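This report describes the fold, the helix packing and selected side chains of one protein. It is intended to be read beside the sequence and the model.

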Amino acid sequence: MLVGLMGAGHCFGMCGGIVGAFGQALPPHRPMAERMGFLFAYNLGRISSYTLAGVAVGGLAGALGTLFAVDSYLAALQLLAGIMLILMGLYIGQWLPLLAHIERAGKPIWQAMAPLRQRLLPIDSTAKAFAAGGFWGWLPCGLVYSTLTWALASADPVAGGMIMAGFGLGTLPALVVMGAAADKIAQMIQKKQLKLLSALVLIAYGGQMTYIALNQIV
């Protein structure tokens, strides 16, 4: 959840346009309470897709670990997760945009899903909003990919799902408030000092995970 909160500034830049497009796709002249219901259904679909991905990679890693019974297998996965968290911090701090290249590698899959996404328009029910959010969860994103490596390192479907659900919940405040107060909140989140703090926290967290993994391998 902390990783999701720390990455809020990236969420504004990466997903702000998507949230705006979603707002335009909603039925006009609906009460605010109903529109908020659509928005929460949309985000619930997004978080559900994150959770599903976490369950899948955690279960796959656990199955492979059981199959091959390699002692250093989990430590290697934890090392990968630690390195990816460090790269995430460097990305948010704008010191090393390596994750941007990883995001671009996933764009063909996102583009291939375009015809399916178009079938959900107009979004005139919470079910459609939930499904649209489910598609949104597969948007190429360096933060998601980094957190998925952590779910992978858990080598457990339940733990992997919980990690990704926590990440999704951490991003929820930033994406839900993209409305009337979005400009003010975006300005606060995009402040250099806050981005620097977020980046350093993630780098420190990734460094700790890397250190623990290296000790297990050695």
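Helices are here DSSP runs of at least four residues, numbered from the N terminus. With that convention, A155 is located in the loop between α9 and α10. The model under discussion is a predicted one.

**Overall architecture**

The protein contains 12 helices and zero strands. Read along the sequence, the pattern is therefore α-α-α-α-α-α-α-α-α-α-α-α. Of the 218 residues in the protein, 44% are buried.

Helix α9 covers residues 142-154. Its 13 residues should span 18 Å at 1.5 Å a residue, and the end C-alpha atoms lie 19 Å apart, which agrees. The buried residues of α9 are G142, L143, V144, S146, T147, L148, T149, A151 and A153.

One of these buried positions is T149, whose relative accessible area is 11%. Leaving out residues up to four places away in sequence, T149 touches L77, L80, A81 and M84.

Just after α9, A155 adopts a positive phi of about 55 degrees. Most residues other than glycine have a negative phi. A155 has this positive value although it is not a glycine. Its relative accessibility is 18%, so A155 counts as buried, the cut-off being under 20%.

When neighbours within four places in sequence are set aside, I163 is in contact with T147, W150, A151 and S154. The C-alpha atoms of I163 and L152 are separated by 9.8 Å, and these two residues are 11 residues apart along the chain.

**Aromatic pairs**

How many aromatic pairs does a search of the whole structure find? The search finds two. Y50 and F167 form a tilted pair, with 5.6 Å centre to centre and 55 degrees between the planes. This pair links distant parts of the chain, because Y50 lies in helix α3 (residues 32-68) and F167 in helix α10 (residues 157-176), 117 residues apart. Y50 is buried at 7% relative accessibility, and F167 is buried at 2%.

The rings of W150 and Y205 have their centres 5.4 Å apart and their planes at 90 degrees, so this pair is edge-to-face. W150 lies in helix α9 and Y205 in helix α12 (residues 192-217), so the pair ties together parts that are 55 residues apart in sequence. W150 counts as partly exposed at 22% relative accessibility, and Y205 counts as partly exposed at 29%.

T210 lies in helix α12. Is T210 buried or exposed? It is buried, with a relative accessible area of 12%. Apart from neighbours within four places in sequence, T210 is in contact with L79, G82, I83 and I86.

L196 also lies in helix α12. At 38% relative accessibility, L196 counts as partly exposed. Together with W95, L96, L98 and L200, L196 forms a nonpolar patch on the surface, and these residues have about 440 Å² of accessible area together.

**Accessibility of the residues discussed**

The table collects the values for individual residues.

| Residue | Relative accessibility | Class |
|---|---|---|
| T149 | 11% | buried |
| Y50 | 7% | buried |
| F167 | 2% | buried |
| A155 | 18% | buried |
| T210 | 12% | buried |
| W150 | 22% | partly exposed |
| Y205 | 29% | partly exposed |
| L196 | 38% | partly exposed |

Conventions: Residues numbered from 1 in each chain as written. Predicted model: local features only at pLDDT ≥ 70, side-chain atom pairs only at ≥ 80, totals over all residues. Heavy atoms only, no water. Helix = DSSP H or I, 4+ residues; strand = E, 2+ residues; numbered from the N terminus. Buried < 20%, exposed > 50% of the residue type's maximum accessible area, 1.4 Å probe, protein only. Contact = heavy atoms within 4.5 Å. Phe/Tyr/Trp six-rings, centres within 6.5 Å; stacked < 30°, edge-to-face > 60°. Expected span 1.5 Å × (residues − 1). Patch = residues over 30% accessible without salt bridge, like charges linked within 9 Å, V, L, I, M, F, W, Y side chains within 5 Å. Areas by Shrake-Rupley, 256 points an atom, 1.4 Å probe, with all protein chains shown as cover. Salt bridge = Lys/Arg side-chain N within 4 Å of Asp/Glu carboxyl O.
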